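Please keep the sequence and the structure in view while reading.

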Amino acid sequence: MGLLSELRVLYHIALKPIRGKDHAARLESFYAGQAEGYDAFRRRLLHGREDLWAAIDVPEGGVWVDLGGGTGANLDNFGPEIDKLAKVYLVDLSPSLLEVARKRIDRHGWTNVEPIEADATAWQPPSGAADVVTFSYSLTMIPDWFAAIENAHSMLAPGGRIGVVDFYVSRKHPDEGRVRHSWLTRTFWPTWFNSDNVFLSPDHVPFLHRRFEPLHFTENRAKQPYIPLLRVPYYTFVGRKGEGDRRVP
């Protein structure tokens, strides 16, 4: 990543005001000026995406929905297994990020991938139920995050998988067996990210465990660019929709 490109991304992350009348406009305000340099910088910022994809089996002939999929960088994690899928929907509200995704799709010649400009809390796949739904560092950027999870649950076929990787902080008193973060961690990181409309929550992890049957869960910390001494918490979660859960059309 060139110095000029990195400075441009840092400006949009740290200094440029975010404006807009609604969530879609605010997202585009944030991403429009940094879309082309987005992937190179985020490789050092967003950890665990490869681990999440490795934890989910790619269903032969299945439908995979990546909600908040942005530039489509997650698609590279499939490798040749992407050809096993009948359809991949890449859903995002930012047209600038989706334009980068379209270039990636054309470059790879993927004919089963469709970028969709839509709201993750409401969009449903026109081809029917999904076999897998993923959120990769998008849940913290969706104000109605619980509605997004419920929408994912609704579109999944019984037995379908949900996968999430994202930043978070623990509750002050987390459930037994889960990591308890210090007061500093629970205070500093939400404050740090809030200026970019990224909202770390102590409730994502408990809600996912309650809504889905947990299959895989890890709690981790990672370095952040230009913050050498602190480590931000992130988690990976894979869950299954119950066989008896009816899909809501």
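Contact here means heavy atoms within 4.5 Å. By that criterion, and not counting residues up to four places away in sequence, Phe78 touches Trp53, Val58, Trp64 and Leu85.

The model is predicted: local features need pLDDT of at least 70, side-chain atom pairs count only at pLDDT 80 or more, and totals for chains, interfaces and linings use all residues. Residues are numbered from 1 along each chain as its sequence is written, and side-chain values use heavy atoms, with hydrogens and water left out.

A nonpolar core is a set of buried Ala, Val, Leu, Ile, Met, Phe, Trp, Tyr and Cys residues joined through side-chain atoms within 4.5 Å; buried means under 20% relative accessible area (1.4 Å probe, protein chains only).

| Core | Residues in core | Named members |
|---|---|---|
| Largest | 30 residues | Trp64, Phe78 and Phe167 |
| Second, separate | 28 residues | including Tyr89, Val91, Met155 and Leu208 |

In the largest core, Trp64, Phe78 and Phe167 touch the most other members. Its largest share, four residues, comes from β7.

Helices (H or I, at least four residues) and strands (E, at least two) are DSSP runs, numbered from the N terminus. Two strands pair if DSSP finds at least two bridges between them. Seven strands form an open sheet with mixed pairing, in the order β3-β2-β1-β4-β5-β7-β6. Because β3 (113-117) and β6 (213-224) at the edges each have a single partner strand, one side of each is left without a neighbour in the sheet. Strands β5 (residues 156-167) and β7 (residues 227-240) run antiparallel and are joined by seven bridges. Val164 stands opposite Phe237 in β7.

Terms used:
Buried < 20%, exposed > 50% of the residue type's maximum accessible area, 1.4 Å probe, protein only.
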